[in-house]
Amino acid sequence: MTQDTLQKFIFENAAVRGELVDISATWREIQARHQYPVAVKRLLGQMVSAAALLSANLKFNGSIVMQIHGDGPVRLLVVECDSQLRMRATAKLNEDAQIADDANLTDLLNQTGRGRFVITLDPAEKVPGQQPYQGVVPLDGEDVATVIEHYMLRSEQLDTQLWLAADDNVARGLLLQKLPLHGGKAEAHPVSPEEALETWNRAVMLGRTLKEEELLSTEIDVLQKRLFWEETIRVFDPVHPSFHCSCTRDKVGNMLKMLGQAEVEDALAEQGKLGINCDFCGKHYEYDAVDCAQLFASDAPAEALIHPTEAKH
């Protein structure tokens, strides 16, 4: 399998950083277990690229979970990426969904304006009582890149520009971000507000020359040179995202405990045993009556799953 690559860079003596990612191998691994419509693949692949780009800048030991909850033929798109850039993703569609190849985000997930974009930061090692950080905003935009740009400006106060593209075989993305002038790397190379704004505007203008077909068809090292050949940039060592599913039998058992003993026993009476497939990797888990009895005999409480709250950020 071709190794995926995420390449960070910064504009020297300027408050602008960038990233390019080719996550095509991971994207194909995600698709190998599902048969999604063309339009769903396009949006989910773009989210996979975006999640890698955002995760790479987090100083955080844990996972970022990016979700779009929909009110159309698609009920949910979800991508999870941990601090080692190990990723998984899935989509949930209505059973009777009829989806055109050219359907956009509004068509699929925001038909009545009730779609929501959720980002959750889930620490790997929680202290007692610690809850994951979660930001929830409406779907403000007609594509994944615009929704995330609005979220980053509203929630993180960071000017961010994204270019994302995905098809059956390729998923790539470009991120540009305007850094604050006080604190962080920008402080080591002080620039005036006017210079910072000029560099940022120039970088965005160069990014906007990038077309979707070019992003899909061009290796990221070539794109970097092609877009920013007149700029003085510092390139960092690449990192390599990969596919990884964190499902375990214990986690599936925890989900069953959250359903409650009565509901699980009713399902056992009807089916004889419970078969559960992981939505992300397709791994199959089975629980018979003895397995389920042992689950509920345990004194350990079920861990709460991450659900979107009504909080707005």
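**Charges, contacts and backbone angles in the predicted model**

The Thr218 side chain gets to within reach of the backbone oxygen of Glu214, at 2.8 Å; a polar contact here is a pair of N or O atoms within 3.5 Å, where within protein one must be able to donate a hydrogen and the other to accept it, and residues adjacent in sequence count only if both atoms are side-chain atoms. This is a predicted model, so local features need pLDDT of at least 70 and side-chain atom pairs count only at pLDDT 80 or more, while totals for chains, interfaces and linings use all residues. Residues are numbered from 1 along each chain as its sequence is written, and side-chain values use heavy atoms, with hydrogens and water left out.

Thr218 sits in the loop between helix H6 (212-217) and helix H7 (220-228); helices (H or I, at least four residues) and strands (E, at least two) are DSSP runs, numbered from the N terminus. With a relative accessibility of 8%, Thr218 counts as buried. The cut-offs are simple: buried is under 20% relative accessible area, exposed is over 50%, and partly exposed is in between (1.4 Å probe, protein chains only).

Another polar contact joins the side chains of Arg114 and Thr112, at 3.1 Å. Arg114 belongs to the loop between H3 and strand E6 (116-123), and its relative accessible area of 63% makes it exposed. The C-alpha atoms of Arg114 and His69 are 8.6 Å apart, although 45 residues separate the two along the chain.

Next come the salt bridges. A salt bridge is counted when a side-chain nitrogen of Lys or Arg is within 4 Å of a carboxyl oxygen of Asp or Glu, and that rule gives 13 salt bridges. One of them pairs Arg33 with Glu29, with 3.1 Å between the closest N and O atoms. Arg33 is partly exposed at 35% relative accessible area, and Glu29 is also partly exposed, at 23%.

Asp279 and Lys92 form another salt bridge, their closest N and O atoms lying 2.4 Å apart. This pair links distant parts of the chain, 187 residues apart: Asp279 is in the loop between strand E12 (274-277) and strand E13 (284-287), and Lys92 is in strand E5 (residues 86-93). Asp279 has a relative accessible area of 33% and is partly exposed; Lys92 is partly exposed too, at 27%.

Lys273 and Glu286 also meet through their side chains in a salt bridge, at 3.2 Å from N to O. Lys273 lies in the loop between helix H9 (261-271) and E12, and Glu286 lies in strand E13, so the pair ties together parts that are 13 residues apart in sequence. Both ends are partly exposed, with relative accessible areas of 44% for Lys273 and 36% for Glu286. Elsewhere, Asp22, Arg172 and Glu219 are linked in a network of salt bridges.

Asp101, Asp102, Asp107, Glu142 and Asp143 make up a patch of negative charge on the surface. Patches are built from residues with over 30% relative accessible area and no salt bridge, with like charges joined within 9 Å and nonpolar side chains (Val, Leu, Ile, Met, Phe, Trp, Tyr) within 5 Å.

Most residues other than glycine have a negative phi. Leu85 is not a glycine, yet its phi is positive, at about 60 degrees. Leu85 is in the loop between strand E4 (74-82) and E5, where it is buried, at 5% relative accessible area. Gln157, likewise not a glycine, has a positive phi of about 55 degrees. Gln157 is placed in the loop between helix H4 (144-156) and strand E8 (160-166) and counts as exposed, at 58% relative accessibility.

Finally, Arg28 is located in helix H1 (residues 24-31) and is partly exposed, at 34% relative accessibility. The C-alpha atoms of Arg28 and Ala97 are 23 Å apart, and the two residues are 69 residues apart along the chain.

Key: Accessible areas come from the Shrake-Rupley method with a 1.4 Å probe; for residues, only the protein chains shown count as cover. Lys and Arg count as positive and Asp and Glu as negative; His and the chain ends are not counted. The place of a charge is taken as NZ of Lys, CZ of Arg, CG of Asp or CD of Glu.
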